[in-house]
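This briefing covers ring contacts and backbone geometry. Please consult it alongside the sequence and the coordinates.

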Amino acid sequence: MESVAVAEGLWGLADHHEKLGEIGKTIKCLEAICQSQISFLPLVEVKSRLRVSALLLRYSHNVNHAKSHLERSLLLLKSIPSSYDLKFRTFSLLSHCYHLLASFPPQRNLLLKALELASSVPQDISAYLWSCNFNSQLANTFIIQADFSSSLSALESGFLSSSQIYFPELQMFFTASMLHVHIMQWTDDYSVEKAVQRCDEIWQTVSSDKTERCPGLFFYNEMLHVFYRLRLCDYKNAQHHVDRLDQAMNAHWHKMQEIQQLSDELNSLNHSLAHYDLPSRERSALSARQSQLQERVNALSSSSTTDNSMEPAFFGNADRGWTERLLLSPSPIDGEWLPKNAIYALVHLMVVISGRPKGLFKECSKRIESGLQIIQGELIKLGITDEVRESDLRHTAIWMSGVYLMLQMQFLENRVALELTRSDYVEAEEALVEMKNWFTRFPTILQASECVIEMLRGQYSHSVGCYNEAAFHCIEATKLTESKSMQATCQAFAAVSYLTIGDAESSSKALDLIGPLIGMTNSLSGVREEASILFAYGLLLMKQQDLQEARNRLAKGLQIAHNHMGNLQLVAQYLTLLGNLALSLHDTVQAREILRSSLTLAKKLYDIPTQLWVLSIFSALYQQLGEKGNELENEEYRKKKWDELQNRLAEARGSIHHIELVAKARLELHQVNDEQEQSVIASGHSMQANLDIPESIGVEGPTPAPSSSRLVGLDTGKRWGKRRL
């Protein structure tokens, strides 16, 4: 009896300190039970250790300490025949610790034992829910090892458990997770399409009030649909999902703002009501207002709060309140795919990806800025300041740091593309240098970005007229990726740069690059790659004076650019080439119509090189037709745009970063020791498995030559295929 009284006293004192936010004192009270000379019942010690572990995981980075408590609890629980809920809670938290420590084999073995226990106990709702929990974590451990089939098997088991108790939200959680794995794996289009259809069918069974309880599930499902549509270059249907995500994000943000304002007012009222000398009439009025506010807060937050959250391992380890989380599913899974701010940033990124090809630069610039501000705030919270490098990161911060760093690179990549498109080369320089600096500080986490940075250096070099350097960087980029599609696209870009140089040796190099690509377009993963190859091949055929075949190839590429990609700049450049072809074939009527359309698009995009390209062809057209007045007017406008471009180029070439970016040299990396690199890689696999944005951003085409005498060129900032995260 004495031990029970002591335990209850220490638990009560721990409750008191926790309410005051004194977590250190709370843990000391609980650990006093674990370290006491008094003999406590095993259940008392287990409950104390569980609570200490949960507090350590929520409020500290002392994962090893939490793990020790949980492993001791598991040993104590072996001697207790029942107490299944405590055993399941211990398994779940210990699995979480193993994940944070990148101890994946022990985590997998632990989860298999937990599932074995869950299948041996009476099959009630609790047992099925815990089976869902363990299967979701087990699936993630398989993803880390790229064992997609085993991951799908675990997710299917979780789906069956949720079906046994008819839990639509959990069914949807597992169905969406399976779609995510299919998108990452993408063995064939049919399997992915079936997974999408299954998601749509299950989603119809989830009522709106249940969706409110798990808002993250809506974002997860919609984002996966966006990834799927972008992978297929189905921009029209992708836009519908992007719009829904944007609307939901804005609604959720306003809701959280309202809750925060109400909570602030409620805290102020509580402070006022704590005064003992408050007049009764004023106290009565304040109490009435307090009740109203509390009722409103409860109404707004009931769908978002959870009791007894057992957050799965792959949702990260962060001390965040429920207002900072977008729950994927009900307890005991809860958790999130990504933190709320990462989801917000991802929505902004999707708006940029869908809007930039349409020339919506103002909105895209605003969204890029918003996304970068969100990410910068989160990186600071994770301790990533100006001087921090990869080797300085806490192990438990690596995964989440990787998520935000990768997102940041995506935004910067889009900024480079956008600024190159509208001929703002200095802004493009600054964004590209920022990408380079982040990569050199975090080379293992951002390893996938090295290829993209080299490709962007090639695009920048082409934009400012350094064509040999452009070809060099594009060829270097092919060596930094295993993606056949990415390699093909970069080879096409390098070929266009060589063709822009125009001499016999460079044309021969271009032929060597394009030749092997012609027969492999059907084996590539997206139409973006095909569009880049067709453009380069059409350009080569024009050089070889095979005009009719060039027209056929370019017409096919234009159809892809217009119908599938919806990219105005690429359309403008295809039209420019076709207009030039029509003029070469003396079809002046068609040439005039095509070139007018191209010039209109180039003006809308502020694409000065393409405008100059079109204007140069117009000069030749007017000369051929003898339209002297139009020729003079056209030449006057061309000279104006030429001077504007030269001023921009001079400013870019005068920048301290110019020589560094175009130089024929790879990036110099900050050295990371082997132990740190392995640690980052282990956590990085998890991050990449959960943050996969297939075909969302890609590589751009080469750019027009600034000289009016060179009627060869491509896109300053058009982006085609995308490497996977």
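A residue is called buried under 20% relative accessible area, exposed over 50% and partly exposed in between, with a 1.4 Å probe and protein chains only. The model is predicted, so local features need pLDDT of at least 70 and side-chain atom pairs count only at pLDDT 80 or more, while totals for chains, interfaces and linings use all residues. Residues are numbered from 1 along each chain as its sequence is written, and side-chain values use heavy atoms, leaving out hydrogens and water.

**Positive phi**

- S423 has a positive phi near 65° and is buried, at a relative accessible area of 0%.
- The loop holding S423 runs between α17 (398–421) and α18 (425–441); helices are DSSP runs (H or I, at least four residues) numbered from the N terminus.
- Y606 also has a positive phi, near 60°, but is exposed, with a relative accessible area of 54%.
- Y606 is placed in the loop between α26 (588–604) and α27 (608–625).
- Most residues other than glycine have a negative phi.

**Aromatic pairs**

- Rings of Phe, Tyr and Trp (its six-membered ring) pair if their centres lie within 6.5 Å; planes under 30 degrees apart count as stacked, over 60 as edge-to-face and the rest as tilted.
- The count under this rule is 13 aromatic pairs.
- The F173 and F174 ring centres are 4.9 Å apart with planes at 75°, so this pair is edge-to-face.
- F173 is buried at 1% relative accessibility, and F174 is buried at 0%.
- F88, F91, W130 and F134 are linked into a cluster by ring pairs.

**Charges over rings**

- A charge sits over a ring if NZ of Lys or CZ of Arg is within 6 Å of the ring centre and within 35 degrees of the ring normal.
- The charged end of R231 sits over the W186 ring, 4.4 Å from its centre.
- For R441, the charged end sits over the ring of W438, 4.6 Å from its centre.

Conventions: Helices (H or I, at least four residues) and strands (E, at least two) are DSSP runs, numbered from the N terminus.
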